[in-house]
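Here are my notes on this model, set down as numbered points. Have the structure open while you read.

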Amino acid sequence: MKRLLILTCILFPFIVFGNSYQRSIDSINHLIKTSTSETKKIELLTKSGQYYIESNNHTQALDCFLQMLNLCKHKQQDSLKIVCYNQISRIFFYQNNFAKSDYYNNLALKLSKKNPLLEGDYYKRKGDVFASQLVYDSAQFYYAITEKLYKKSKKTDSLRIAGLYANLSITYYQTDKVK
């Protein structure tokens, strides 16, 4: 009896929050189907894709961002395309499909060449891919480019810099450990 009570206490929050999460997803998906505005669909697909990423449902997240990408047909929507390419690159990175991650990362990079902060983010992601593959010299090369771009940007926040230096320090630690 005690085990059942303890198990119930442990699982209850997961059941309750899991149901509210599923209701949110179902509600968003219903709104996507019924919406006639492309702008609203794009907004809802972004939310839905984020929910799926947070729940590690990468297949559904990828589907959302690919649908969103198909809706972004106009030149004025390049910033939305960048978001799509970033998220798709991120999903493939989580799936350890580094070639596809790099492909979508490069598509986003081509659209954001004028913004050193975004450009730095893409080079950092390239460095992350190489670090994940244990190719630390290449990772350090891309992290160095990222550092220059972040310093060039006037809007760099401390979290970006901290993340860059944390990743860079790991590569130095690993290369020192290898030698």
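1. Let me begin with N96, which sits in the loop between α4 and α5; helices here are DSSP runs of H or I with at least four residues, strands are E runs of at least two, and both are numbered from the N terminus. N96 isn't a glycine, yet its phi is positive, near 60°. Most residues other than glycine have a negative phi. With a relative accessible area of 56%, N96 counts as exposed (exposed is over 50%, buried under 20%, partly exposed in between, with a 1.4 Å probe and protein chains only).

2. A word on the basis: this is a predicted model, where local features need pLDDT of at least 70 and side-chain atom pairs count only at pLDDT 80 or more, while totals for chains, interfaces and linings use all residues. Residues are numbered from 1 along each chain as its sequence is written, and side-chain values use heavy atoms, with hydrogens and water left out.

3. L134 is another one to look at: its phi is positive, about 65°, and it is not a glycine. You'll find L134 in the loop between α6 and α7, exposed at 58% relative accessible area.

4. Now the inside. The largest nonpolar core has 26 residues, and F65, M68, Y85, I88, I91 and Y104 touch the most other members. By nonpolar core I mean buried Ala, Val, Leu, Ile, Met, Phe, Trp, Tyr and Cys residues joined through side-chain atoms within 4.5 Å. Two or more residues each come from α2 (38–54), α3 (58–71), α4 (78–94), α5 (98–111), α6 (116–132) and α7 (136–152), with α3 giving the largest share, seven.

5. Which residues does I91 touch, not counting those up to four places away in sequence? They are I53, H58, A61, L62 and F65, a contact being heavy atoms within 4.5 Å.

6. On α3 itself, H58, A61, L62, C64, F65, M68, L69 and L71 are buried. The helix length checks out too: 14 residues at 1.5 Å a residue should span 20 Å, and the end C-alpha atoms are 20 Å apart (the expected span is 1.5 Å times one less than the number of residues).

7. Finally, Q87 in helix α4 is buried, at 12% relative accessibility. Its side chain makes polar contacts with the side chains of Q50 (3.1 Å) and R90 (3.0 Å). A polar contact is a pair of N or O atoms within 3.5 Å; within protein, one must be able to donate a hydrogen and the other to accept it, and residues adjacent in sequence count only if both atoms are side-chain atoms. Leaving aside neighbours within four places in sequence, Q87 is in contact with Q50, I53 and F65.
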